[in-house]
Amino acid sequence: EHYSSARDLALVAMALYRDFPEEAGLFDIGALRYGNHNIYNYNHLLGKLPGADGMKTGFTCAAGFNIVVSATRAGRHLGVVVLGQATSRESDIVAADLLQQAFSGQDKPSGTVQGLSPQDGDPPDMHPYACGKLRAHAVAVAEGDAVGPEAPAASGTGVVKVQDSPKNSASPVDYGVAVVHQPFPQFNPLPVYIGQAPGKNLAVTPVVADQTEITPFPAPPPRKVVHHRAPTRKHPQKHKRHEKPRRQERHHVTKHPGKPVKAHARSKAAHHGKVIHKKSTRRDHHG
């Protein structure tokens, strides 16, 4: 089984910005237009959180709702990874709160991402909260209508409470809730297409063949085709066990040797057992 930790995703995010700075603009595209359809980014913090410029969302029933968010303010580029939330609204609220605390100086770095040690234990199973029977209750918690249920911790030895809404807690989540409840921003969809750009004519450059004379290889001599006829083998006909016997040749039946009789006479004579051996037609007619 494959597991990814927040440390793993943070390292990937840092490597993308470090090694591919020219592609950083791909992460803050708010909407795409393909044909007659608009495809909006699932990162709902774009256009709401000041300075947000990426990066990626993810969801599975077992992992819950996850997000990697980056933002730039006053020349500082920070990122946050949030995993294992019951709703996408919850992951947005937590991410916005963590970024605000980092930019305001409330949270100060105590080490590097590379220096983080992996935690022991199985990852939490968010299926009951993200896709199961506790889904409705988790949505109510995100909307601020109920107290959050207890979800399994990453270590498997304790519990972590889902953060409460402003109705149930103090100021730590006020900023994130305010950001999430802002109106959805209006993005100018970036047109995308497959193949050649619409309305763009590509100039075709003619290719001049090389005039260098090329000596062809000599043609191979024709091959003689000799047809060999397989010998035929005559096998004697084997006697078949269930072969029907051949029809016996009928014999002439006469009362008087050497004198032919009519058919009805022959049958009558055969009935009385007067059977004469077959004689040739020439002898029957000539005595």
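How many helices and strands does the protein chain have? Here are some notes to read alongside the model.

1. **The overall build.** The protein chain has seven helices and eight strands. Keep in mind that this is a predicted model. Of the 287 residues in the chain, 24% are buried. If you look at contacts with a separation of 6 or more, 54% of them come from residues 24 or more positions apart.

2. The average pLDDT of the protein chain is 75, and 60% of the residues score at least 70. Confidence is highest in strand β4 (residues 64-73), with a mean of 95, and lowest in strand β7 (residues 159-161), with a mean of 32. Over residues 145-173 the pLDDT is below 50, yet this stretch has 65 contacts in the model beyond near neighbours in sequence.

3. **A nonpolar patch on the surface.** Have a look at Tyr-34, Ile-39, Leu-190, Val-192 and Ile-194: they form a nonpolar patch with about 470 Å² of accessible area together. Tyr-34 sits in strand β1 (residues 31-34).

4. **Val-113 and its contacts.** Val-113 is in the loop between α2 (88-103) and α3 (127-130). Which residues does Val-113 touch, leaving aside its neighbours within four places in sequence? They are Arg-7, Ala-10, Leu-11 and Met-14. Take Leu-11: it is 102 residues from Val-113 along the chain, but their C-alpha atoms are separated by 7.2 Å. With a relative accessible area of 23%, Val-113 is partly exposed.

5. **Two backbone spots to check.** Most residues other than glycine have a negative phi, and most peptide bonds are trans. Now find Gly-54 and Met-55, which are joined by a cis peptide bond with omega at about 20 degrees. Met-55 belongs to strand β3 (residues 52-60). Next, go to Ala-74, a residue other than glycine with a positive phi, near 50 degrees. Ala-74 lies in the loop between β4 and β5 (76-85). Ala-74 counts as exposed because its relative accessibility is 85%, and the cut-off for exposed is over 50%.

Notes:
Residues numbered from 1 in each chain as written. Predicted model: local features only at pLDDT ≥ 70, side-chain atom pairs only at ≥ 80, totals over all residues. Heavy atoms only, no water. Patch = residues over 30% accessible without salt bridge, like charges linked within 9 Å, V, L, I, M, F, W, Y side chains within 5 Å. Areas by Shrake-Rupley, 256 points an atom, 1.4 Å probe, with all protein chains shown as cover. Salt bridge = Lys/Arg side-chain N within 4 Å of Asp/Glu carboxyl O. Helix = DSSP H or I, 4+ residues; strand = E, 2+ residues; numbered from the N terminus. Buried < 20%, exposed > 50% of the residue type's maximum accessible area, 1.4 Å probe, protein only. Contact = heavy atoms within 4.5 Å. pLDDT = per-residue confidence, 0-100.
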